Amino acid sequence: MSRIATVICTAVAVAAGGYWLTLSNSTVPNPLVSSAEAQEADLDTSTVVEMVQGDKDAPVEIIEYASYTCPHCANFHKGTYKQLKKDFIDTGKVKFIYREVYFDRYGLWASMVARCAGPEKFFGITDLIYDGQSEWTRAGGPTEIVDELRKIGRRAGIDNDQLEACLQDGTRAQTLVAWYQENAERDGIEATPSFVVNGKNVSNQSYEEFKALIEDELGS
C-alpha cells in the first residue's frame, strides 16, 4: 500500500472518530477529541485557504504536494525551491501553490501551526519547519514533538493562546484532512514531493530539470 493510500485510510479513521483518541497527556494536541461533534458538522473544504506565492496571473502554475515530515520535501525546500523562487516566482513567471499532505499526526500538527497566523506568515513558518525537520521530528514522543512545533510557532510571533486554539481545533483538522484527500484523489498524487505544472503531473526533479520544464512552458 502506498503512503498516499495509507493516509486516505487514515482519513476514514478520522471520520469514524478513532484518530489519536488514545492520547492522554494534556500538553499534546488532541484536535479530534470532539470528533463526534465535528463529524456532524458540514466540512466545507472551500474554507481552506490556498497558500500561494507569485503573480496570480503568471503563465506557469506549479502546485507542490508535500508533507512536513518528508525528508525529500525538506531537501527540495532547502535547495531547488529557493532557486525557483528567486528565478521564477519572484519574477512573476510562476504562480506557486503549496498543498499539504498528511502521512501522520505530526505532519498535520505542523500544518496547523504553519497556517495559524494566516497566509502572510505561512511560507516563512514553512521554511522554519523544514529547516528544523531533523530536530523536531526526532525530539521524542508526541509531547516533545508538539513542544518543538510550538517553539517554531512562537519564533514566528504566534502567542501561546493562538497556538493552542489552532492545535485544538478539531473541525479544522478534519476539514484539512478532507481537503487533502480531495486534492490528492483529483490530481492523482502518489508520493511526496509531487508537482502539477500547468495541469501536468511531474515528479521531484533537480532545479535544472524544473528550469527547462518552466522555460518550455514559457516558450523560451
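What share of the contacts in the protein with a separation of 6 or more comes from residues 24 or more positions apart? The figure is 79%. Keep that in mind as we go through the model, which is a predicted one.

First, the overview. The protein has 220 residues, and buried residues make up 50% of them. Its secondary structure comes to 11 helices and 5 strands. I'll pick out a few places, starting with helix 10.

Helix 10 covers residues 170-187, which is 18 residues. From its first C-alpha to its last it reaches 26 Å. That is close to the 26 Å expected at 1.5 Å a residue.

Now look at its two ends. At the start, D169 comes in. A side-chain oxygen of D169 reaches to within 3.5 Å of the backbone nitrogen of T171. At the other end, helix 10 is followed by G188. The phi of G188 is positive, near 65°.

Which residues in helix 10 are buried? Here is the list: G170, A173, Q174, T175, L176, V177, A178, W179, Y180, N183, A184 and D187. Hold on to A173, L176 and V177, which are among them. They come back in a moment.

Next, a partner for this helix. Two packed helices are described by the angle between their axes and the distance between the axes. Helix 5, residues 105-114, packs with helix 10 at an angle of about 110°. Their axes are 11 Å apart. Angles of 65 to 115 degrees count as roughly perpendicular, so helix 5 and helix 10 are roughly perpendicular to each other.

Who meets whom? From helix 5 we have L108, S111 and M112. They meet A173, L176 and V177 in helix 10. By class, this contact has 5 nonpolar residues, 1 polar residue and no charged ones.

Move on to R115. This residue sits in the loop between helix 5 and helix 6, the latter being residues 119-131. Is R115 buried or exposed? R115 counts as buried, because its relative accessibility is 11% and the cut-off for buried is under 20%. Its side chain reaches the backbone oxygen of V49 at 2.9 Å. Leaving out residues up to four places away in sequence, R115 touches V48, V49, M51, E100, F122, L176 and W179.

Now a strand residue, I97. You will find I97 in strand 3, residues 94-100. I97 is buried, with a relative accessible area of 5%. How far is the C-alpha atom of I97 from that of I63? They are separated by 4.6 Å, although the two residues are 34 apart along the chain. I63 is also one of the residues that I97 touches, again not counting those up to four places away.

Last stop: the stretch after helix 10. The loop between helix 10 and strand 4, residues 194-197, holds P193. Where is the cis bond? It is the peptide bond from T192 to P193, with omega near -10°.

Then comes N198. N198 is found in the loop between strand 4 and strand 5, the latter being residues 200-203. Phi of N198 is near 50°, a positive value in a residue other than glycine. At 31% relative accessibility, N198 counts as partly exposed.

That's the tour. Questions, please.

Note on methods
Residues numbered from 1 in each chain as written. Predicted model: local features only at pLDDT ≥ 70, side-chain atom pairs only at ≥ 80, totals over all residues. Heavy atoms only, no water. Helix = DSSP H or I, 4+ residues; strand = E, 2+ residues; numbered from the N terminus. Expected span 1.5 Å × (residues − 1). Buried < 20%, exposed > 50% of the residue type's maximum accessible area, 1.4 Å probe, protein only. Polar contact = N/O pair within 3.5 Å; in protein donor to acceptor, adjacent residues only side chain to side chain. Axes fitted to C-alpha atoms, helices over the stretch in contact; angles between N-to-C directions. Parallel < 35°, antiparallel > 145°, perpendicular 65-115°, else oblique. Contact = heavy atoms within 4.5 Å. Nonpolar A, V, L, I, M, F, W, Y, C, P; charged D, E, K, R; others polar.
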